[in-house]
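I opened my notebook to look a structure up, bit by bit. Here is what I wanted to see before taking notes.

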Amino acid sequence: MISSTNVFAHRGFSGKFPENTMIAFEEAGKFAIAGIELDVQLSKDGVMVVIHDERLDRTTNGRGFVKDYTYEQLLAFDAGSWFHSQFANHKLPKLSEIIDWAKQREESFIVNIELKNDQIHYEGLEEKVLNLVEEYQFKDQVILSSFNYESLVKIRELDQTISIGYLIQGIHPTAIEKAQKINANIHCDEAYALSEEGKRAKEAGLELRVYTINNTNEFEIVRKAGADVIMTDFPDQFA
Ligand code: G3P
Ligand code: MG
């Protein structure tokens, strides 16, 4: 353990395993991580699917948009071979499967669910995620984050106590005020964490959870700047 900073495995152990697949989360879980980060899109039949991109093309052998396939159709795609042939036929997991797995771990283990609704408006995604978390009685172990501020406002209207992370990129001048308005913390990149704004956010009592740090020097710098969580693709090196 390099430091006592909480480490989240970003998209699972995505440095060595195909991102956002069950094996990537299981392998990340072998290290002393505080939690995992994952990305959620919605299938045609309303299933919350764990995949980063809106499209299938980069991380599966499928083509086109996740939203245009039912979950059963999505299961036909190989989400591992793009990374390495040894992962052929690994599937796109459902969010519920990852929560099921995480529930078997210690109660302090966090799942940071990033709603990928900044490009595509997924009708009802907020309610769906909240209902699933409720169904699994998992609320105390999740952080819901998104680049889509309006979506976070909606989540806060629907649930006054769930943990929310406002995702920003770069040095956002009004992030503190916006986060405070919805009682959220800030999920930011290194530039923000090291900036005057980042310092101001810390002074205002907000947590800074920093993505995505894969370099030892940067990890130390960000940790010293007061990052509360650091997300990395290499939990083996930092946890
Ligand atoms: O949630 C932190 C980070 O994952 C945001 O960026 O593109 O990796 O989902 P991205
Ligand atoms: Mg993400």
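My entries below go from the metal to the ligand, then to salt bridges and a helix end.

**Entry 1: the metal**

First, a reminder to myself: this is a predicted model. I started with the magnesium ion, ligand 2, and asked which residues are its protein donors. I found Glu-37, Asp-39 and Glu-114, with donor atoms lying 1.9 to 2.2 Å from the ion. Glu-37 and Glu-114 each use an OE atom, while Asp-39 uses an OD atom. Then I wrote out how these donor residues are spaced in sequence, and got E-x1-D-x74-E.

Are Glu-37 and Asp-39 buried or exposed? I looked up Glu-37 and noted a relative accessible area of 3%, so Glu-37 is buried, as the cut-off is under 20%. Asp-39 comes out at 0%, so Asp-39 is buried too.

**Entry 2: ligand 1**

Next I listed what surrounds ligand 1. My list reads His-10, Arg-11, Glu-37, Asp-39, His-52, Glu-114, Lys-116, Phe-147, Leu-167, Tyr-211 and Met-231. Sorted by class, the shell has five charged, four nonpolar and two polar residues.

Which side chains have polar atoms by the oxygens of ligand 1? I noted His-10, with a polar side-chain atom 2.7 Å from a ligand oxygen. For His-52 I wrote down 2.7 Å to an oxygen of ligand 1. Glu-114 has a side-chain N or O atom 2.8 Å from an oxygen of ligand 1.

**Entry 3: salt bridges**

How many salt bridges are there? The count comes to 19. I picked a few to follow up.

Asp-57 pairs with Arg-55, and their closest N and O atoms are 3.2 Å apart. Asp-57 has 28% relative accessibility, so I put Asp-57 down as partly exposed. Arg-55 is partly exposed as well, at 36%.

One of its salt bridges goes to Glu-177, with 3.4 Å between the closest N and O atoms. Arg-200 sits in helix α8 (residues 196-203) and Glu-177 in helix α6 (residues 175-181), so this pair ties together parts that are 23 residues apart in sequence. Arg-200 is partly exposed at 36%, and Glu-177 is partly exposed at 39%.

Arg-200 also meets Glu-197 in a salt bridge, at 3.3 Å from N to O. Here both partners belong to helix α8 and are three residues apart, about one turn of the helix. I jotted down the background too: an α-helix has 3.6 residues a turn, so residues three or four places apart point the same way. Glu-197 has 17% relative accessibility and therefore counts as buried.

Last, I checked helix α9 (residues 216-224). What caps its N-terminal end? Asn-215 does, with a side-chain oxygen 2.9 Å from the backbone nitrogen of Asn-217. After α9 comes Gly-226, and I noted that its phi is positive, near 100 degrees.

Technical notes:
Residues numbered from 1 in each chain as written. Chains lettered and ligands numbered in written order. Predicted model: local features only at pLDDT ≥ 70, side-chain atom pairs only at ≥ 80, totals over all residues. Heavy atoms only, no water. Donors = N, O, S within 2.8 Å, 3.2 Å for Na, K, Ca; no water. Buried < 20%, exposed > 50% of the residue type's maximum accessible area, 1.4 Å probe, protein only. Near = heavy atom within 4 Å. Polar contact = N/O pair within 3.5 Å; in protein donor to acceptor, adjacent residues only side chain to side chain. Nonpolar A, V, L, I, M, F, W, Y, C, P; charged D, E, K, R; others polar. Salt bridge = Lys/Arg side-chain N within 4 Å of Asp/Glu carboxyl O. Helix = DSSP H or I, 4+ residues; strand = E, 2+ residues; numbered from the N terminus.
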